[in-house]
Amino acid sequence: MRIDRIDIIRVLNPFSHPFETSFTKFENRDALLVKVYSEGLIGWAECKAFFGPYYNPEDNGTVLHVLKDIIIPRVLHTDIESPKAFMDSVKFIKGNRLAKAAIENALWEILLQQTGKSLKTLLGGTQDEIKVGVSLGMEKDITTLLKQIEKYLALGYHRTKIKIKPGKDYDVIKAIRKEYPDITLTVDANSAYTLKDIELFKRMDEFHLEYIEQPLGESDIVDHAALQQAIETPICLDESIDSYDAALAAIKLKSCRVINIKSSRVGGLYEAKRIHDLCVEHHIPVWCGGMTELGIGRVQNISFASLPGFSQLAHDVAASERYFADDITIPKVDITPRCTIVVPSEENGIVYAVDEKAVDAMAVNHWIFK
Ligand code: OSB
Ligand code: MG
């Protein structure tokens, strides 16, 4: 794949409903799109960074710097054999995986066009459709949150995940369990606690949650092992799993019993597949996490989630409509009456195209490198 030109486009798309987590409240999706031109083909990708470094150390500003000043000068007008070859060529850059993933993801899109195959086939996906879960932000009070839960249960969402933080945890879950004793329920702390909160997590065992996502800090793999030992509820790691080595360490130390894989967080689909395979080998159930993606990123997540290890648990990959009034693919992502999403493949002929008019309407900056 000869790289002839790369564009970066910053877009803004308002959420239909603000999304509040333990780290920030999002009013819109502020995202960088990447457009890689190669020998007459164009690979689009969506960088998953946010405006600020709230979820992990990167943000749109650092991604722009790393792409513009380091990665793009390195790859422009060179020939890249594969996404893996690209990843090998940027090994000298520490971290910055969201930035690397943006280019890596675009290379996969070019590869799909070159081979005429679906991403599902290239990755080795086995499932025709994936199970959809919902990740709900914090609300001003429990009544409002319960209304949100009711709305998505009525639509058939297979798992309800709520965000928690100190002061908005035990009582909120208790109120939900009173109303819905049997739904598949999970909580995500986005690393808002420390091991000092161990008693709180022991008390949460009574709620038979499917898992507790990222209770402690992102580097606290050892503390997560201590917490996992002390509680019945499985811990699911998200932020902590930023590489294959981190996944291996967490498995060896028994820091978790479930892993949320986000391909962007680990530097792209190639690395994410390695982590998936590692988890399958060690019988660790995985599910595909989300970053409130626009359509381009969402569609790649759907194909990634068709890998065999993802068959048990529901994913944070939902309909476009769950997040936004407008989106940037044709068609927009939608759910089936079974609340699944059909995986694009050669057999079903489903193809998502980028809605360039929608991209233009959301664009606030455009950089061209050629
Ligand atoms: O921790 O999984 C997370 C959104 C932004 C950043 C981190 C997370 C999330 C979500 C929403 O929980 C996932 C989604 O629906 O896209
Ligand atoms: Mg999470």
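Buried means under 20% relative accessible area, exposed over 50%, and partly exposed in between, computed with a 1.4 Å probe on protein chains only. At 1% relative accessibility, aspartate 188 counts as buried.

## Basis of the report

This is a predicted model, in which local features need pLDDT of at least 70 and side-chain atom pairs count only at pLDDT 80 or more, while totals for chains, interfaces and linings use all residues. Residues are numbered from 1 along each chain as its sequence is written, chains are lettered from A and ligands numbered from 1 in the order in which they are written, and side-chain values use heavy atoms, with hydrogens and water left out.

Aspartate 188 belongs to strand β7 (residues 185–188) and aspartate 238 to the loop between β9 (235–237) and α9 (244–253), so the pair ties together parts 50 residues apart in sequence. Helices (H or I, at least four residues) and strands (E, at least two) are DSSP runs, numbered from the N terminus. Aspartate 238 is buried, with 1% relative accessibility.

## Salt bridges

A salt bridge is a side-chain nitrogen of Lys or Arg within 4 Å of a carboxyl oxygen of Asp or Glu. By this rule there are 21 salt bridges. Lysine 163 is buried at 8% relative accessibility.

Helix α10 (residues 269–281) holds arginine 274 and glutamate 271, which are 3 residues apart, about one helical turn. Their salt bridge has its closest N and O atoms 2.9 Å apart. Arginine 274 is partly exposed at 32%, whereas glutamate 271 is buried at 17%. Aspartate 277 and lysine 273 also form a salt bridge (3.1 Å, N to O), and both lie in helix α10, 4 residues apart. Aspartate 277 is partly exposed at 34%, as is lysine 273 at 24%. Elsewhere, salt bridges with shared partners join Arg159, Lys161, Lys163, Asp188, Glu213 and Asp316 into one network.

## Domain interface

The chain is divided into domain 1 (5–116 + 356–369) and domain 2 (121–353), with bounds from an automatic or database domain assignment. Their C-alpha centres lie 22 Å apart. In contact (heavy atoms within 4.5 Å) are 38 residues of domain 1 and 46 residues of domain 2. The area buried between the domains is about 3400 Å², 62% of it from carbon and sulfur atoms; this is the accessible area (1.4 Å probe) that two parts lose on being put together, summed over both. Lys48, Tyr55 and Arg97 supply 20% of the area that domain 1 buries against domain 2, more than any other three residues.

The interface has 2 salt bridges. Lysine 48 forms a salt bridge with glutamate 293, with the closest N and O atoms 3.1 Å apart. On the side of domain 1 that touches domain 2, α3 gives the most, with 11 residues.
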